[in-house]
Amino acid sequence: SGGPIIDLVPSNYSRSGVRRSGDDYQDIVALDVLVEMLENPQLYDWVKVEADDAGALDDLLALRKDGSVDARQVKFSVHPNEAHDAYSWEKLLLEPISAKGNKSVSLLAKWAGAFHALASAHAKVDASVVSNRRAAPDLQEALSADGRADVDRISDATTRAEIYRQLGSEVEARRFFQSFRFELGAPGLGALEDGVLRRFRRLGGDVHGWRSLKDELRGWVRQRHSPSPSGGIVLMDVKIAALW
């Protein structure tokens, strides 16, 4: 999946600490959806974590009862409030050069490619990047209240042209942005978990069930096709794991 972290390691974090924090953040985003399954039992057929068939949107994939698909990619930052850390169009469109001198695909193009692949197999796809990073001013000016980007609100013509080039065309870019949300400025790790845990406890869950669900989720993440047979987590799996 490329992992939930694209960050430099600050001096007060070990590399292991950054990686583990990113994994924990990704787990809490998944737990948010699993708790939503308990809140709304008729909402989802299944949820997958580390979904191999979802390309660059593989951190979480969920099939709703109406046949639509939710795909979420998680990006964690250990210093999200610093200006240099924010997502800008430049960062999203950056095509890194490999050690062999080859140009790599940008983050935005990876997400768009994964979206179009999912859209070819499902009637409706809602995709998003979830991050505690913030949007830089040039990206923020293009975002609506629900996190969707409007290319007509991008003031820099060169940026618009680069988006169209990387995503294939203006038509393809507009199609992608209609179904993709930038959920930036999300709560940090502790605040996010506290919020999901409160919802879990309001449903009648207790701390033992929460710990059991977290532990089981880590097992599902580590093991391909777990729960069996296809890796799709259904409502009964969540109930059993949460000691419901």
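## Strand pairing

L60 has R72, in strand 3, as its bridge partner. The structure is a predicted model, and in it strand 2 (residues 60–64) pairs with strand 3 (residues 69–75) in the antiparallel sense, over four bridges.

Five strands form an open sheet with mixed pairing, in the order 1-2-3-4-5. Its edges are taken by strand 1 (44–49) and strand 5 (180–183); each has a single partner strand, so one side of each is left without a neighbour in the sheet. From one strand to the next, the twist averages 15°.

Helix 6 (residues 170–179) lies across strand 4 (125–131) and strand 5. Relative to strand 5, helix 6 runs at about 55°.

## Span and faces of helix 7

Helix 7 comprises 14 residues (residues 189–202).

The buried residues of helix 7 are L192, E193, G195, V196, R199 and F200. These residues cover an arc of only 160° around the axis, and therefore they lie on the same side of helix 7. The face turned away from this buried side carries R198 and R202, which are exposed.

## After helix 7

Helix 7 is followed by G204. The phi of G204 is positive, near 110°.

Methods. Residues numbered from 1 in each chain as written. Predicted model: local features only at pLDDT ≥ 70, side-chain atom pairs only at ≥ 80, totals over all residues. Heavy atoms only, no water. Helix = DSSP H or I, 4+ residues; strand = E, 2+ residues; numbered from the N terminus. Expected span 1.5 Å × (residues − 1). Buried < 20%, exposed > 50% of the residue type's maximum accessible area, 1.4 Å probe, protein only. Arc of directions from axis to C-beta. Pairing = 2+ DSSP bridges. Axes fitted to C-alpha atoms, helices over the stretch in contact; angles between N-to-C directions. Contact = heavy atoms within 4.5 Å.
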